[in-house]
Amino acid sequence: MNAVIFNVQRFSVHDGDGIRTTVFFKGCPLRCLWCHNPESQSKEKQLMFYKNKCVGCGKCLSLCGARGVENGLKIDRTQCVLCEKCVNVCSVGANKIAGTEMTVDEIISTVKRDKVFYKDKGGLTLSGGEPSMQPSAALEIIEKAKAEGINTVIETCGFGNAEFFKKSAQLGATFYYDIKAVDRERHKTLTGQYNDVILENLDMLFSLGARVVLRLPLIPNVNDSKQDLYLLREFLSENKDKYIRAEIMKYHNLGISKANALGVKYSMSDENATDAQAESWLDMLGRDENNVVLD
Amino acid sequence: MNTKFELNENFAETFYANSGKTTIERIALGMLAEAENYPVTFYDKTMLPSVDCCVPDRAFIHPWAFGINYNKDSFNKKVKANPEKRDAYYSLRDEMIKYCNEEQWQNGRIQEYITFQENDLCWGGNWMGHANPDFARILRLGTDGMRAYIEECREKNPDKDGFYNACKITMDALDVIGRNVRKTALENAENEADEGRRAEFLRIAEVFLKIPMQPCYDMYSAVMCFWVIFTLQNADSPGNFDRYMYEYFKKTDMEENRALIRRMLEGFQLHRSWNLCISGSDENWNDTTNELSYMLLEEITKTGYNTPNLTMRTHRNTPEKLWKLAVKSIAQGTGLPALYNDEIVCTALEKLGITPEDSHQYCMNGCNQIDILGKSHMGLEDGEVNLGKVLEICLHNGNNMLFDEPRKLLEPFGNARECKSFDELLELYFKYLDHVCDVLVDEANISTEMYTKINPNTIRSILIEGCLEKGIDYKAGGPKYNHAQILLEGIADTADSLWAIKKLVFIEKKYTMNQLVDALEDNFENWDDLYHDCKTSEKFGNDIDEVDSICAEVVNHFNRYLKTKKCARGGVYTGGCSTFDRAADRGIHTSALPNGKKKGEDNFADSISATPGCDVNGPTAAILSCLKYDQTEPCSGFVTQLKFTKSLFNTEKGQDAFITLAKTYFENGGQQLSINVVDRDTLLKAQKEPEKYKSLVVRVGGFSSYFCDLDEDLQNNVIARSEFSI
């Protein structure tokens with residue numbers, strides 16, 4: 001079984017407990033306005049061009065018709081056939097391909113390499129993109145990791161096939177589950193999809209007694225209006241006995257570079273959320289009452 | 001302060017007036033004659049009696065710390081200032097030069113070594129170096145007790161009168177210095193307006209009525225006595241301070257202890273002391289951490305000083321509390337303490353025949369050379385070998401390729417261009433490497449013997465077990481354990497180069513050996529494809545078995561080969577690796593290498609870690625690569641460098657992750673871990689030279705990016721806010 005992956009990151013310390021290896025799946029059903037991994041949205045391979053790393057040697061220009069625009073500093077993406085010649089010829093790593101097909105065994109063998117570091121807490125994290133978009137591969141990974149004694153955390157937007165969530169819960173996975181907006185219309189505006197499926201899946205996980213950590217990406221002036229936060233607080237309050245904790249994911253602007261490298265527009269602010277904002281969110285969501293923390 | 005351009009003429013005159021006696025006696029008599037003239041300085045911040053008898057701006061230097069020497073600049077300045085004594089000074093100087101016999105020294109050296117050294121292939125020799133004397137010998141017995149002990153030892157070794165006389169005279173000289181401390185303290189008290197400081201001077205004067213003659217009786221007297229001997233020894237390395245001072249510490253109230261420690265930490269900083277060691281295990285793996293260990297760590301964290309190097313010894317029973325405190329200190333940005341693993345260090349030492357009881361008494365001197373406190377002379381950088389440079393001469397028929405005209409350094413052992421397999425090439429490389437070792441070790445031994453003859457060291461002989469007991473000087477094999485150390489450089493650069501050859505020439509057969517060597521000769525000019533392939537071939541530090549296994553093979557070979565070489569003091573040579581900021585210099589002196597390093601580039605591996613920028617799979621992979629070395633072979637500190645920003649340590653989660661990382665490294669065979677804290681300056685450098693900093697990863701939940709991939713304004717943002725872990 002193969003999976004389309006855009007990164008396997010070892011020593012992840014922000015994606016679950018302990019030291020973890022995070023497998024980033026490529027492809028996502030949502031189109032969140034603030035997406036910090038824009039290369040994760042499409043399941044297809046994509047060329048990323050890091051302009052600031054380019055030393056202007058011109059080697060890629062002679063190989064490719066798509067590279068002639070603006071002295072090579074722009075790519076005509078309609079002409080690009082992802083031949084990867086420009087990637088292979090670049091000595092400074094300015095051209096990269098996002099997305100590679102890996103077999104489940106390849107993924108597991110990389111994950112296993114850090115087994116000595118996992119101890120009792122750490123392990124494997126599936127992230128993305130959206131792992132539930134590639135359910136068979138994801139489940140096979142979880143199963144094989146489990147057979148190796150490695151636990152799995154799934155970072156998910158929840159917009160996926162219920163069966164996947166059920167099976168992975170039965171395999172003992174822990175879910176880091178995003179709540180981007182509680183109001184369904186709001187959710188549609190911000191992410192391109194209604195949140196009905198997301199909330200249904202979450203309810204099912206709750207009813208199965210699965211370990212769930214809620215994750216609340218908060219983006220100043222986008223999904224942190226009084227009304228948004230009020231609804232979120234209510235939601236947390238109703239479910240507070242069912243999740244382990246809720247983590248606020250403070251907006252950061254680092255996705256801009258990736259958007260630029262992909263040649264796509266990035267409509268969010270280039271200002272990071274401040275500590276003061278985060279503090280006020282914590283207060284408004286009920287940090288003690290609803291067990292809300294900062295990631 | 002009256003230390004500028006002192007001549008130490010009393011020393012020199014007495015030394016020559018006693019030419020009928022043994023060398024070591026003449027030196028001790030000189031020290032005694034000079035003792036009264038040593039200035040005692042109470043620096044404002046420390047109020048401790050510092051005796052700077054060996055500051056390098058003295059024309060004649062003698063062996064409380066440095067060994068006999070003549071300082072040309074200071075001498076000339078002194079002569080200028082005292083023209084009437086010109087002739088007398090010059091005749092003393094001539095005698096001194098004759099004594100050191102530089103000419104004979106030069107003639108004794110190995111010509112081939114000199115060629116190697118001039119071409120930056122290696123370095124070898126001897127010097128007074130660092131040591132970890134057991135200061136507590138004098139603290140416990142006083143000089144009176146030491147004199148009695150010296151007599152006791154003399155009776156057992158009847159034919160060593162010269163040596164024992166010298167040791168006894170040295171104790172007399174220490175008494176003179178003690179009286180001098182008292183005198184200076186009383187004078188200072190008289191001239192001191194501040195009431196508190198006056199009382200302090202009087203208290204010190206009071207203490208020096210008894211010490212150093214009698215045993216110390218509390219922390220105050222012990223610190224004062226320690227400080228005199230320590231500064232006489234050029235304020236080198238305090239060693240396992242929390243062990244040998246603890247008996248005095250526990251007799252004293254905590255407020256006084258803390259005040260004394262703060263004064264000493266200021267003193268260590270002021271004197272640029274080398275290495276202080278805390279915690280560790282005993283031979284039964286009992287933890288030895290005590291209140292003094294905690295107090296030292298806490299107070300050092302408060303100062304934020306990076307001097308002295310702080311070493312923390314860890315093992316299976318290290319308290320969690322100590323780990324947490326250590327991480328807090330590391331997070332401050334100094335990277336201290338450096339972490340050592342008893343489980344591996346003690347095993348390595350025991351392989352040399354050191355008993356478990358003694359191996360568990362190890363500590364550090366200098367940057368990170370391992371010694372057994374008060375029991376050993378483990379050698380102090382007796383030499384260095386640049387493995388990358390050795391590969392260069394191996395590939396180019398014994399030639400140094402750094403110059404327009406290649407320079408022949410030795411007759412080739414074979415032609416690398418004609419190697420038919422990788423194994424054949426590796427065998428050829430080892431021939432060169434072994435030969436360089438042979439030459440280097442021979443030179444180091446000659447130099448050691450020479451140095452030993454002219455620079456016996458009485459104070460270290462008194463403070464290091466074995467010397468008095470055997471009646472043999474510290475430099476001449478007196479200590480209980482005597483070994484020597486050669487440091488490796490350019491490990492990863494060499495392994496990456498060998499892997500590139502194996503892959504491109506012998507596995508993929510994309511190029512021939514001839515093409516590869518030609519390309520190196522041309523510094524890759526007009527070899528774009530080959531250069532690109534070399535540059536992008538897999539590198540050490542990413543947990544890739546094919547590369548790592550070559551690295552381990554080369555290093556294990558070297559470490560094991562060294563141990564077959566005998567050291568002039570007795571014992572054997574062992575390996576170590578702690579390149580630090582010398583790396584860039586070694587890089588510049590190495591020509592083009594198959595790992596894609598061009599002539600003139602300075603990017604070279606720091607210690608046993610990857611070449612900067614090459615370990616792009618994160619710290620777990622970097623660590624797993626380093627675990628492929630047999631780290632129970634090298635006994636001179638086998639330093640692993642990891643880079644993190646302070647922000648990793650901002651949260652408990654990050655701190656825990658770091659502790660897990662360090663513990664895992666140690667449980668699986670790692671010897672040492674140094675944390676390089678990535679600060680603002682590092683990130684600014686990364687913006688300018690992204691190649692060297694490719695491994696910096698910005699980590700946020702669900703997101704990761706290499707720092708150098710970020711757009712410049714976002715990089716600036718990360719630098720300004722430094723809230724993302726790297």
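**Where the chains meet**

Guide: Let's start between the chains: 46 residues of chain A are in contact with 46 residues of chain B. Contact here means heavy atoms within 4.5 Å. This is a predicted model, where local features need pLDDT of at least 70 and side-chain atom pairs count only at pLDDT 80 or more, while totals for chains, interfaces and linings use all residues. Residues are numbered from 1 along each chain as its sequence is written, chains are lettered from A and ligands numbered from 1 in the order in which they are written, and side-chain values use heavy atoms, with hydrogens and water left out.

Visitor: How much area is buried between chain A and chain B?

Guide: About 3800 Å², with carbon and sulfur atoms giving 53% of that. Buried area is the accessible area (1.4 Å probe) that two parts lose on being put together, summed over both. In chain A, the residues that lose the most to chain B are Phe11(A), Phe117(A) and Leu254(A), together 19% of what that side buries.

Visitor: What makes the pair Glu667(B) and Lys119(A) a salt bridge?

Guide: The rule asks for a side-chain nitrogen of Lys or Arg within 4 Å of a carboxyl oxygen of Asp or Glu. For Glu667(B) and Lys119(A), the N to O distance is 2.5 Å, so the pair meets the rule. Between chain A and chain B the count is six salt bridges.

Visitor: And inside chain A, which domains is it divided into?

Guide: Chain A has domain 1 (2-43 + 99-294) and domain 2 (46-98), with bounds from an automatic or database domain assignment. Their C-alpha centres lie 32 Å apart. Nine residues from domain 1 of chain A and eight residues from domain 2 of chain A take part in the contact. About 720 Å² is buried between these two domains, 57% of it from carbon and sulfur atoms. On the domain 1 side, Gly99(A), Ala261(A) and Leu262(A) lose the most area to domain 2, together 62% of what that side buries. Across this interface the rule finds zero salt bridges.

Visitor: How do you know that Cys54(A) is in no disulfide?

Guide: A search of the whole structure finds zero disulfides over all chains. A disulfide needs a pair of cysteine sulfur atoms within 2.5 Å. For Cys54(A), the nearest cysteine sulfur, that of Cys60(A), is 6.3 Å away, so Cys54(A) is in no disulfide.

Visitor: Why is Cys54(A) called partly exposed?

Guide: Buried means under 20% relative accessible area, exposed over 50%, and partly exposed in between (1.4 Å probe, protein chains only). Cys54(A) has 31%, so partly exposed is the label.

Visitor: Is Cys167(B) buried or exposed?

Guide: Cys167(B) has a relative accessible area of 0%, so it counts as buried.
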